[in-house]
Amino acid sequence: MVADSGAASGPKPSSSVKLVLLGEAAVGKSSLVMRFVNNDFQENKEPTIGAAFLTQKCNLPTRTIKFEIWDTAGQERFASLAPMYYRNAQAALVVYDITKAASLTKAQHWVAELQRQASPGIVIALVGNKSDLAASPNNSGSSSSGGSGGALSDASTAGDDGDAASSTAVGDGDDGDEDEEGEGGDARKVATKVAKAYADEEGLLFFETSAKTGLNVAEVFTAIANAIPETSLKGPRGVGGQTHLGGGRQEDAARVNLTGGRDAAGPKEGCAC
Amino acid sequence: MDGSVEPQTPVSLGNSPANSANGVPEQDNSIDKKDFGSHMTNEEQGRAQSTSTGEEQPSREGTPPPLPPRPKNLQLLDGRPQTSGSSKPSRPALQSKATTQLSFADTQSYSDESKDTSSSDASKQKIGPNRSGSEADDSASVKSYVPTLEVGGDTESLLGEVLTGHDKTILKSLGRPFDSTSGRSERMFPDDPEFEIAFEHEFDEVEEMKADGSNEEAVMNHWRSKLKHFLILSSAGKPIYSRHGDDQLITNYIGVVQTIISFYQGANDVLRGFTAGEVRFVVMSKGPLNLVAITRLGESDSQLRSQLDALYMQILSTLTLPSMEKMFSNRPSYDLRRPLQGTEMLLSALADGFTRGSPSTLLSALECLKLRKSHRQAINNALLKTRSQNLLYGLIVASGKLVSVVRPKKHSLHPGDLHLIFNMLFEAGSVKAGGGENWIPLCLPGFNNTGYLYMYVSFLNLENLSEQVEERPSSSAAAQDEVAILLISANKEGFFELRQMRDDLVEQLQKNGSIDLIRTAVKKGRPSCTDIVPGSPIRHFLYKSRGNVQFTMPSFEPFFATALDRRRLINLYNTLHTHMHARPTHLKVHHSTSTTNISLAWITPLFELYCVAPSPTSRAALAQTANKIIQWVRREEERVFIIGGAVF
């Protein structure tokens, strides 16, 4: 498990990061968290009611990040409560289901809402879950390389699929990928390229994960931990001021430019999970 | 004598109007018979028809007025019109039960004996009607009009069970050699393979209908074979919830039910329920919703209504009343499944609880963890000491039993609300399986159905308290031993405040040793009957304290270890409860005897007691034990019940 003993990491600075998971119902938010926190997976998990609060440590070479995770319910009726959870959050996981195209649309809405309403410095990761249901895992090119916060921008600047990374090309990419992957047994409905292009455009971290197999789950959290700017980490309680769910906005941290900030993200260092 | 609180001679009490209405002369007999016709005939009576027919009369007192005869029935009845009214309740069994006949080797011979030479597939169902045949007629006609008015439903729905149960008892006694008395004392209930099989598959998922409809018949049969259904639909006829079957499967049924309901609504009449064969339908219209319970389990209408009420409250708990009404007032054809998305499991958990049988729902009462008064006091004090500013209710719950409550002076807790909470936490499992701590917006309709409260939930790992914050408890392990702390507040953003209170509370409880006491009490479980009354023949009892709205009972083990045996026990309690609460009777004491068990129900203004023993037990012994149970509860009152609780 990730949670190395606090004593061992004693000299390292430790800080709390408030992280919120958002996304349509049944995309696997709770399963991702359960995989990350407990390294466990439960088939047919029942829907979350309200929100669950969990914590998990993530050890980076230079510091320890203690994630305070809000795993929210995806149902429409809980949407009005979401601001309570993302207010003051330093990081957000916006999750969609790669086998359900509509869930990406919903994820895009969440991203837009976060960009509009959440703390300006919030680190957002777009996560396509259930990659185990896709036929050919090698299609998820970015996810296999997605070991750090740097992976995203590396990939996009490397230009392997960067050409498609414009909004006009999204539709084409979708069709193309669907055709390629339309072989038997593939439930994928959202092409990696499409989601990746969107993530690049919006400056989001991007991963395709499988909570079931554990693929990339730890990497997502490590990447987020790396992407959190040092400036927003102040002491063990973080800037979030966890005495309230909400409270005042955090104004100090500027919005993180991930493309520019990748050097600050440090070397790749996965969580130990 | 009827009103006496003192448990002197419960046996001689209890004179139901039904008896007097029929002029059944013998008091003793009537007490025996009136209630539990299904099991009361002993083996001899079962065989010697002539003697039993007279006895049967009271059991069919509740016969509903004959429905307009259907051609199908007439045909089956083969020119015995006088039985049409009473035989109906067992009729539908024909379709689904024909096969089971094979399992009763003696059925045929019995039928022959009884000169029932009609078609063999109907023979089993006819045994009952045949026997009591014409003798039952006058009683049926006298009594039948009463039920249709107000009380009717309760008695009526019972009948299905009475008749079929009756047949089965007789069949069983025939199919079994006489000398099996030793075996009988072991078993509280007659064998009923049909029910056993049905119950075993009751919780199986109904398969999805294939696109080409190739498995349609199998799916439909499976769906129909369920013992219990719940349907919820909007008054515009949109499906909202069904316990079994997907949309495709239930659409037709929803349509039919909606048509029937709106037919009566159109006539400015309220349809409350109807019986089709042995299946009882109960309809409850609540504002924009129609809720329908369909059962073969022989529950009474009022019991089914309280189940429907719980489902309705669950929906309100998700949506609140005003917002649900708004949804429908804007658009009567609104699809309520959208806002309810994700709560199907809560409704299904409730429904399954009712199907398994829940004493808590039957009695509309709560069960508490048995603790010494001083120990509970220490927990109460810890709750009061650590109470945070915005707390409304604070509860400690151990495996579905209440340990302690802290509440404002002016607000008590509504048992229905607590039932919803317990269902969410301990039955549906999503909160528990999710692990961590939870922050759940919910409406407690009994408290206030117009707004949301926010509930902080934390499950404690009793064995290792320090672990629970960091780690999700493994979903499967030690479900029984789990203790949850529930802190409810009206403050939407109160999570961290209540979380702090939880930390303080756990620290307090650890310091004063309460955690250990709770752990011990949870591990110990419920006492057994013989712990409570040494040497008692009683196998199980329910005691409800009416003032406290709480109940206590002994452990189900060892006599009711399986879900099936528990369901049968609950069936028995259901029947007793129905008799005690059927208006306008207001029985005080009620005895019933069957081939396999003897039971007693006893109600005073202070308590309700239901207890059962195997059949060799004498009534006197049962009554004596009942008295001892009462004494025990009085002695232990402050241990088995929470009286007052921590109030601020």
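A cavity is a set of grid points where a 1.4 Å probe fits but cannot get out, and its lining residues have an atom within 4 Å of a point. The model examined here is predicted.

Eight cavities of 30 Å³ or more are counted, and the largest cavity holds about 100 Å³ of space. Its lining consists of Glu299(B), Gln303(B), Ser306(B), Gln307(B), Phe354(B), Gly357(B), Ser358(B), Thr361(B), Leu362(B), Arg567(B), Ile570(B) and Asn574(B). Two or more residues of this lining come from each of α17 (301-319), α21 (359-363) and α28 (563-581) of chain B. By residue class, the lining comprises seven polar, three nonpolar and two charged residues.

## A six-stranded sheet

In chain B, six strands form an open sheet of mixed pairing in the order β6-β13-β12-β16-β15-β14. Its edge strands, β6 (366-367) and β14 (589-593) of chain B, each pair on one side only.

Within the sheet, strands β12 (residues 540-545) and β13 (residues 550-552) of chain B are antiparallel and pair over three bridges. Tyr543(B) stands opposite Thr552(B) in β13(B). Helix α29 (residues 619-640) of chain B lies across β12, β13, β14, β15 (597-603) and β16 (607-614) of that chain, at about 50° to β15(B).

Val405(B) belongs to strand β8 (residues 401-407) of chain B. This residue counts as buried because its relative accessibility is 7%, under the 20% cut-off.

Leaving aside residues up to four places away in sequence, Val405(B) touches Asn380(B), Leu383(B), Gly394(B), Leu413(B), Ile642(B), Gly645(B) and Ala646(B). The C-alpha atoms of Val405(B) and Leu384(B) are separated by 9.6 Å, with the two residues 21 residues apart along the chain.

Conventions. Residues are numbered from 1 along each chain as its sequence is written. Chains are lettered from A and ligands numbered from 1 in the order in which they are written. This is a predicted model: local features need pLDDT of at least 70, side-chain atom pairs count only at pLDDT 80 or more; totals for chains, interfaces and linings use all residues. Side-chain values use heavy atoms; hydrogens and water are left out. On a 1 Å grid over the protein atoms alone, a cavity is a set of points where a 1.4 Å probe fits but cannot get out, and a pocket is an open set with protein on both sides within 12 Å along at least five of seven lines; lining residues have an atom within 4 Å of a point. Grid points are joined across faces, edges and corners, and a volume is the space filled by probe spheres set on the points. Helices (H or I, at least four residues) and strands (E, at least two) are DSSP runs, numbered from the N terminus. Ala, Val, Leu, Ile, Met, Phe, Trp, Tyr, Cys and Pro count as nonpolar, Asp, Glu, Lys and Arg as charged, and the others, Gly among them, as polar. Buried means under 20% relative accessible area, exposed over 50%, partly exposed in between (1.4 Å probe, protein chains only). Contact means heavy atoms within 4.5 Å. Two strands pair if DSSP finds at least two bridges between them. Axes are lines fitted to C-alpha atoms, for helices over the stretch in contact, and angles run from 0 to 180 degrees between N-to-C directions.
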